[in-house]
Structure formats: C-alpha cells, structure tokens
2 protein chains.
Amino acid sequence: MRVELITTGSELLLGQIVNTNSAYMASHLNDIGFDVLYQTTVGDNYNRMKKVIENALTRADIVITTGGLGPTQGDITKYVCAEITGKKMVTHEESKKRMYDHFKEKDIPMTENNLRQVLVPDGADVFVNYNGIAPGIVQNYDGKFLINLPGPPREMKNMFDKSLKPFLKDKFGIEHVIYSVVLDTFDIGESFLETEIRDLILKQHNPTLALLVRPSGVIIRITAKANSIEEAKQLIKPVEAEIYSRVGQYIYAIDDEPMENVVGHLLLAKKMTIACAESCTGGLLTSRLTDIAGSSAYVAGSVVSYSNQVKIEQLHVDATVLQEKGAVSEETAKYMAEGIAAIMKTDIGVSVTGIAGPGGGTAEKPVGLVYIAVTGSKGTYVVKNLFSGKREEIKYRTTQKALNMIRLYLEDKSVL
Amino acid sequence: MRVELITTGSELLLGQIVNTNSAYMASHLNDIGFDVLYQTTVGDNYNRMKKVIENALTRADIVITTGGLGPTQGDITKYVCAEITGKKMVTHEESKKRMYDHFKEKDIPMTENNLRQVLVPDGADVFVNYNGIAPGIVQNYDGKFLINLPGPPREMKNMFDKSLKPFLKDKFGIEHVIYSVVLDTFDIGESFLETEIRDLILKQHNPTLALLVRPSGVIIRITAKANSIEEAKQLIKPVEAEIYSRVGQYIYAIDDEPMENVVGHLLLAKKMTIACAESCTGGLLTSRLTDIAGSSAYVAGSVVSYSNQVKIEQLHVDATVLQEKGAVSEETAKYMAEGIAAIMKTDIGVSVTGIAGPGGGTAEKPVGLVYIAVTGSKGTYVVKNLFSGKREEIKYRTTQKALNMIRLYLEDKSVL
C-alpha cells in the first residue's frame, strides 16, 4: 500500500514552524509495512491544496493530511476534502458533546468559533481526539482513503497511535514489515566509519545499511524487509554482529536510546548515586540525567557554579588554584568533581568547566575549550576537549561527552 | 519568482530525522520576497528523485535541493541533477584543496571516498562549504536555476546565508518584501485569543494575521507585503498597536525572543543577580537562563536538589516542613527560593518543586503538580500549577512559567 503524506498550513510553507508530523507518521507507517514515497507540504491556499490532494489521490492508495482542522479562519483542509468527495459538512454530535464537557471541565468559556471544529463531511468515519477537540476524519473515495488528522503533534500522534494504526492494520493487514536496528556511535566520524564498513554497505541489499549524522553522534541503521519482525531480526543479526566486531568500541547504545538512559541503567544496576558540578553547561547535564523517569533513584542533585564565588563557597574549589590555573583548567575541573561528590555524598562526581562562547575566549583558552572530570572509587579522570559550534551546540556536545565518560567509567573502560 | 524546495534522503522519507531545512529556507526566502509554493521530500531513489526534480522544474523558476552531496553510496542528488542537465562530473580543484587542508588541520586520515564530495557537474557554479566539505552547486538549465545544497543543517544554513541569498538577490533583485512581526503571548489559549482579535483577522488583508500554537505559548504573526521593509513596518504598526490595546498583558516578547532572553535583559538593566533551586526541572531552568550569551553577568548559579537530603543540607529547607508538608508544597518552595538567594547572595531567588511523572503522583499530589516561588526585595511569591503532558513537556512548561514569573516580578507586575 502506497501512502502519501500531505502536511498543510501556511505556517509550514512559510517556515514559521518545523514539520515534525511527517517524520513521525512516516517512521510509524514503515514499521507496519506501508511505503511512504512522497511527502508534500502546501499552504492554506484553497486551490493549491485541492490540486496537491487530487494529485496525491492519483498515485497513492492512502492520502493522509495533517493540519487545518482547528477553529480559526485559516483552517480549511476538511472543507477542501469535502469538496473533492462531494460531501456537505455536518456536526458530529459526539465530538460536540466531548467539546462542551472539555470546556466545562477546564472551566474556561467556550467561544462560538469552536463549533467549526466538530463539523465533518457527511458520512465520514471519525477518530476521537483524546488530546484536543478537532476529530480526525476518514473518507472512502474512489476505492482510496482520504484521511485528515489534526496538526498539533500531541493530538496527531495520539490519534495516529490510538485510531489510525489499528484502522490501517484492520483494513489492509500487514503485507510485510520493515524493521530497523539502529547502532548509536560516539567519537567516530562519518567518513571514517563508512570506510570501516563500506564493503558491508555495498554488499548488503536485505538488510540495507545507512549512516546518518546526528547531534548525538553518527548512527548506523540496519533495515530489513521481511514477512515478520522475527524474520527481519534474523536477517539483521549476523550483519549487526559483524559491525560490532569492527567498530563495537564506538557503539554506546542501540535504537537511539539516549546516552542519559544508558548511564541511568548502569547507575541503577551498580546501585550508585551521582552528582554534577556544572559551569559552562549551566545545568544541562543534570537536566539530561533527570529527563529519565525514575532518575531520582540515583541523581542526588548538582551545583551550577557560574561564578567563582560559588565554585569556592559551594564546591570548595581552592581559591589559589582558581587564581593561578583559572576557572577553566584541569585542576579546577578536578576540584569541582571531587567537591560535589563529597558535598552530596555520592559514588560518582562529574564536573564541567569551559568556555561556551561566543565571548570569553582567548588565544590560549579559546571558545569551545572544556575540561570534563569524572571521579569515583577508581580515582579522578580529567579530559580536555575543544568543541566547535555555537554556544548551545558546545553546551550539548559537552554533555554528550560527559555522559559518555561516565558510561566508560561505570563500564570499567578507559575514560581517556 | 517561484521557488520549490526539494529535501532528499531516505532518512527523511522514512522519518528517521526531522526536516528542519525546509522551514529555514522557506522563512528566509520569504524575507527576501521569493514565494515558496511547494515543498517536497523524496528518498534516495534515482528515478523518483529525477521525476520530482523534473516536475518541480515545470512549475518553479528556482529549484533548491538539500541533501545527497556527501561521501557515501547513498548520496546521489548531484548525479541525478547532472543527468537532467546532461553534464558530466568533474573534480572541483578548489574544493579538493580545501578538503585536503581540512583533514590536515584536523589531523585525521582522509579516506578515499571523500573524493566523491568534490565532484561537480561540468560548468556549474560552486558555493564554498565553510562548515564542511561538499560544495554547493548551481546549474542554469532552460532559463531556470537548479541548486544543490548540503543536507546537514549547519552546512546548509551557512551556505544559504553566505552564498545563496546574495546570489539570488544579485540575479533577481527583490521584487517585494514579505515582512512579519511576531507577538509572543503566554498564559492565554488559542481560541480565546482568536475571539479577542477575530474581527482584525477577518478584516485584515495586508497585513494578514495568523495565530500559531507553540510550546512556548500562542504567537500572533502579523505579515505585510510591501516594496520595502520600511513600508511593511508602517502597514504593521497600527495593527500591532490595536492588538496590544486588547491583549497586551499576555504579550511578553516580539519576534520569538526567548523568555530567558527577556528575563536576561531585565536583570542586566536592573543590575540584579539570580540563582535557582530546582527539583523537578533538574537544572533545565538554569540551563535556559545560561543559553543566553553573557548570562554569567547575572546568573550566580543554582542547586539542583533532587534528594531531600540536598534540600536540607544545601538549601537549608526545614526538615520538619519537609516531613509535615512534603517536598512538593508551597512551604518547601518558599524555603528553597529564599535559601538559594541567601546562599548564593543574589537579588532574586527562584525555586521549582513538583512531580514531573510518570510515576510519583498521588490523589492529592498528582503528576504535573508544581510549586514555583520567586523571592527578592519585594517579598516571596509562590504559584501552584498543574501542568499536563509528558515528563519533558512538564519540565519545559514549568521553566516557561517560572521565567514568566521572574519577568513579571522584575517588571513590578502581579506575579500571581
């Protein structure tokens, strides 16, 4: 079954917001064996939207739109689709009742324009919107399915998972599955990685191999097409093993498990606790560690020491070291890591001190210079880094490197 | 001039990565008066990519592709375009030299597959890639322009700004400008906001008004089309003033200035310093404050107090209060804010304590319950919130609310 995705809305066409809906739908449709061959974005222009949807209906079996189901004047998608299928709009009573309940529950006034949100083409199937008001719409047209989902990602995703996926499986069954395993690497470049496994990339047809550069590092995606997920896994297994044998030391996770999650599992398994002393990352490292549900079991807390005064008073960094070596130095990083572990009585202490820029750099201490220290029962290790990029990129790359150092430390591998 | 954007790459089509390039290019093309009417995404499939590019050349004056210029076997875009224009590939010597210098400077081995990156269609204009290796390519075909940019956003954006924008302005001049002013609101819903200004939305044609829901809040975008930015500003001014007169109290910034930036300017202007005590946000609030260059002038630091022990020992929260009222309570929030301000000797203290979920919720203290306190010379204010969403959404919404409370406090407005 061929699917075409059409994301609507001038805010997308004008680039006022980024299109995350297409990626979500495409990846989940692939997982259940539907091929997405084209994605198109068109604005809230009645005629151009109509042309794009009609064109999609000529080359796809299932056309899914997102956006344009809301209460405002710019929301036209379902009206365009109703004209294509030749239906008139009618109020969907169940959705109308849910809407009234919603506003009563939230105790906010329901403005009259919301009634537009519960209009649907006559005879259409309706998906309930559990995260909002506008229902999803399914029309059967000329043996094909024309489906409208809401634009806000929270509403679209919930409706996609809860209603559309079961609907498609029920209507079409699963012809084949496309199943992927992702190997997440860190500290190795794309071209170097490709050289290491190039023969595999050229040789493989099922599974196929792809390299993708992500902010977190380069990932290796192994994708197999089979009749069942089990069969796909069997196709992938030997290729995965071969890749591990060549570049395994760079692989920190599979299937895009975040580094903070890998570290969290290690800390839980070892029943260890952790605390951070952050300067240039400003709390981002601890924030990532605490993005993981249940992290309160191992994260004691942290001190963000932006000023030297805080470094001295809260982290007990030696004032003379700060004066002689500077805040951005191997020695200060060591003091910070050992200080926070002692103060918060944790098994592991991590520190970050550097220059995120754009200002503050000098010839001998340029923007991007960051010292990261990890301390614990095995002693303290400090790594000097020089990161490139904008302020926020340097902050993120520093946290990714720090998390990887914690991982290596906990796995008893070389941190340096 | 009509522009069509084509983003290539199976990783986009399969939804393995989100397409941020289209939004960036579309918004910047609009700023200089070029209309983007369609955006298409196609995979690394030679024939389908060829069809999409040929189709785009029939309805657009300028076709811009991103992606598929890299060293790997999956990078085919420029070969497809060279077949369309009937050119053979030749090595671009200047780019080749830059590449060798790049690898020498970074002191990493240059693998042979990188030579693919410096091949271009014979006779094409070339854009230097200042953030990478693969150069951009401009071919003049049948009176139209076929342009290839690299896929990695850092490389694409730099090339777009430094090379493509000047190129387009030089070739086509500027027919008209599309200029927008964005009013960023917080703590007001989309349908309520639309009701307040609906007559303006219906009445306005130039400028036009659009409401967009963002994680940070609802934004009002006022867009004018004119012969100059100055003229556009004059068209926008009275509409902007009218909107302010109706819903000004909800507007915290213009043109998507982040809340942390607004707060930073206020702190600088008042020569005040700030420190945070964060529980459920885990450092995200301080990280957002320190995303702003120069924030070291007013951010002293913070304590992330995930454990009660840290709340007591580092923030001097009364142990009996913790026991009787609980960590997530108005009283604890008050202690945390006043504690961190005293400990770090700052003018402003902010605290956050809540339940980010998914676990840890109870009947009387559900997931999403968050107390936020702000303290300073005017006293301490605590606000009780109930946020919805996933763990990371609750963390973000909490920081946005906290930053808004700081803003109101510094602007001498009611925080409650």
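## Helix 2 of chain A

In this predicted model, helix 2 of chain A is followed by A:Gly33, a residue whose phi is positive, near 90°. The helix itself spans residues 21-31, and because ten of its eleven residues are buried, it is largely enclosed by the rest of the structure. Among the buried residues are A:Tyr24, A:Met25, A:His28 and A:Leu29, and the list also includes A:Asn21 and A:Asn30.

## Salt bridges within a chain

A search of the whole structure finds 38 salt bridges over all chains. One of these joins A:Glu83 to A:Lys50, with the closest N and O atoms 3.8 Å apart. This pair links distant parts of the chain, since A:Glu83 belongs to helix 4 (residues 77-85) and A:Lys50 to helix 3 (residues 46-59) of chain A, 33 residues apart. With a relative accessible area of 45%, A:Glu83 is partly exposed.

In chain B, a salt bridge connects B:Glu260 with B:Arg288, and here the closest N and O atoms are 2.7 Å apart. This pair, too, links distant parts of its chain, with B:Glu260 in helix 9 (residues 259-269) and B:Arg288 in helix 10 (residues 284-289) of chain B, 28 residues apart. Both B:Glu260 and B:Arg288 are buried. Back in chain A, salt bridges that share partners bring A:Lys50, A:Glu54 and A:Glu83 together into one network.

## The interface of chains A and B

The contact between the chains involves 82 residues of chain B and 81 residues of chain A, and the two chains bury about 6,600 Å² between them, 51% of it on carbon and sulfur atoms. Across this interface there are 40 residue pairs in polar contact, counting those with both residues at pLDDT 80 or more. The side of chain B that touches chain A has 30 nonpolar, 33 polar and 19 charged residues.

Strand 14 (residues 299-305) of chain A and strand 14 (residues 299-305) of chain B run antiparallel and are joined by five bridges, and within this pairing the bridge partner of A:Val303 is B:Val303.

## Salt bridges between the chains

Eight salt bridges are found across the interface of chain B and chain A. In one, the side chains of A:Glu393 and B:Arg154 meet at 3.7 Å, N to O. In another salt bridge, the side chains of A:Asp291 and B:Lys395 meet at 2.6 Å, N to O. Because A:Asp291 lies in the loop between helix 10 (284-289) and strand 14 of chain A, while B:Lys395 lies in helix 14 (residues 391-410) of chain B, the pair joins two chains. A:Asp291 is buried, with a relative accessible area of 17%, and B:Lys395 is buried with a relative accessible area of 1%.

Key. Residues numbered from 1 in each chain as written. Chains lettered and ligands numbered in written order. Predicted model: local features only at pLDDT ≥ 70, side-chain atom pairs only at ≥ 80, totals over all residues. Heavy atoms only, no water. Contact = heavy atoms within 4.5 Å. Buried area = accessible area lost by both parts, 1.4 Å probe. Salt bridge = Lys/Arg side-chain N within 4 Å of Asp/Glu carboxyl O. Polar contact = N/O pair within 3.5 Å; in protein donor to acceptor, adjacent residues only side chain to side chain. Nonpolar A, V, L, I, M, F, W, Y, C, P; charged D, E, K, R; others polar. Pairing = 2+ DSSP bridges. Helix = DSSP H or I, 4+ residues; strand = E, 2+ residues; numbered from the N terminus. Buried < 20%, exposed > 50% of the residue type's maximum accessible area, 1.4 Å probe, protein only.
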